[in-house]
Amino acid sequence: MVESGISDYPQTAPGTGSHGSETENFLLLFNAFFGFSEQPFNNTPDPHFFFTSRRHCEALLSISFGVKQRRGFIVVTGEVGSGKTTLCRQFLHQLSPEIKTAVILNPKISGTHLLGSVIHDFGIECRGRTKRDYFEALNKFLIDGLGHEQNACLIIDEAQGLNVRLLEEIRLLSNLETSKQKLLQIVLLGQPELRDLLKKTSLRQLRQRIGVYAHLQGLDLEETQSYIHHRLTQAGSSPEQIWFAPQVVAKIHEVTRGIPRLVNTVCDRVLMAAYSQQTKEITSDVATCAFEELAFICA
Ligand SMILES: Nc1ncnc2c1ncn2[C@@H]1O[C@H](COP(=O)(O)OP(=O)(O)OP(=O)(O)O)[C@@H](O)[C@H]1O
Ligand SMILES: [Mg+2]
């Protein structure tokens, strides 16, 4: 989307060779115009841009608390684009070294493959390749870790993609425990479908073991404004230098329902429109075409 509009924008140096360098040139000029050291609204889960909305803050505390208190299962659900993966990155970013982690990003795998990935991520040496070998190696790792005051946390993102069988196998991992505490803390992050999945009767044993639960929603209007300001500031500019009219923020909140991924996409497009008009005042007139273009994405 950005590239297709590049030729419409002012100040792109003509004939700079490849399309790649034209894009780079454009970004340099774009960033210089607004005073950015990096793009403010990239859709990446970068902890540098982490914004602590009330819900994000609560969810982060829930994960940290659940892991430190060895609560076994911790479940975080949230709408598409609401910030689950970003939350996970932030949690990993601020994690103390005595907590060892394994992260599964794509859980559409077999039980053996999942265990193999967990073993690999924890850095456990395991000669065998069977499920039993993996299980025993993991158990030994966790018990050794306990002796060194370590804790271990398995994070599974996109957990709505797990099937019932795999969830049952994951539940068995939570049985690794001493008489006093859970050896492995398991964080499941997923879209609201995960909640529906966990409601299944066949998963009631797992459901009963959920020690901490949090749900992410879109930002409210005030938070949406703070979120935009926060990202502008983290990118090296400030709300004083780039002014978003209150009506524009209200419209952004309305069309995106405060979902951070959509807020990013809309703000990115709005800034492109502002750049093309060489203004740092984002009024409704400047932003209108962005809203029209993105109505389909935000629907
Ligand atoms: N708390 C936050 N602070 C800063 N940026 C955020 C925050 N939450 C989300 N974002 C932004 O929104 C984008 C989408 O968030 P993320 O990928 O974490 O959503 P998700 O809930 O994992 O989505 P999906 O359901 O598609 O996996 C991120 O790339 C990030 O740029
Ligand atoms: Mg995600």
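This is a predicted model: local features need pLDDT of at least 70, side-chain atom pairs count only at pLDDT 80 or more; totals for chains, interfaces and linings use all residues.

Me: How many bridges join β1 to β4, and do the strands run parallel or antiparallel?

Reply: A pairing is read from its bridges and its direction. Here β1, residues 73–78, runs parallel to β4 and is joined to it by five bridges.

Me: What kind of unit do β3, helix α6 and β4 make?

Reply: For such a unit, follow the chain from strand to helix to strand and note the hand. β3, helix α6 (residues 164–173) and β4 form a β-α-β unit that is right-handed.

Me: Are the residues of β4 buried or exposed?

Reply: Burial is counted residue by residue, and a residue is buried if 20 or more other C-beta atoms lie within 10 Å of its own. In β4, residues 184–190, seven of seven residues are buried. Both faces are covered: Leu184, Ile186, Leu188 and Gly190 are on one side, with Gln185, Val187 and Leu189 on the other. For the protein chain of 299 residues, the buried share is 36%.

Me: Which domains does the assignment give?

Reply: Look at the bounds, then at the separation and the contacts. The assignment gives domain 1 as 54–216 and domain 2 as 219–298. Their centres, taken over C-alpha atoms, are separated by 36 Å. Four residues of domain 1 are in contact with four residues of domain 2. On the domain 1 side, the touching residues comprise three polar, one charged and no nonpolar.

Me: How many residues surround ligand 1, and which are the closest?

Reply: Take the shell by members, then by class, then by origin. There are 19 residues around ligand 1, and the closest are Phe51, Gly83, Thr85, Thr86 and Pro260. By class the shell has eleven polar, six nonpolar and two charged residues. Domain 1 and domain 2 each contribute at least three residues to the shell. Helices α3 (84–93) and α11 (260–276) each supply at least two.

Me: How many helices and strands are in the protein chain?

Reply: The protein chain has twelve helices and seven strands. Its C-alpha trace spans about 65 × 40 × 30 Å along the principal axes.

Terms used:
Residues are numbered from 1 along each chain as its sequence is written. Chains are lettered from A and ligands numbered from 1 in the order in which they are written. A residue is buried if 20 or more other C-beta atoms lie within 10 Å of its own, exposed if 12 or fewer, and partly exposed in between; C-beta atoms are placed from the backbone. Helices (H or I, at least four residues) and strands (E, at least two) are DSSP runs, numbered from the N terminus. Two strands pair if DSSP finds at least two bridges between them. A crossover is right-handed if, with the strands pointing away from the viewer, the path from the first strand over the helix to the second runs clockwise. Domain bounds come from an automatic or database domain assignment. Two residues are in contact if their C-beta atoms, placed from the backbone, lie within 7 Å. Ala, Val, Leu, Ile, Met, Phe, Trp, Tyr, Cys and Pro count as nonpolar, Asp, Glu, Lys and Arg as charged, and the others, Gly among them, as polar. A residue is near a molecule or strand if its C-beta atom, placed from the backbone, lies within 6 Å of it.
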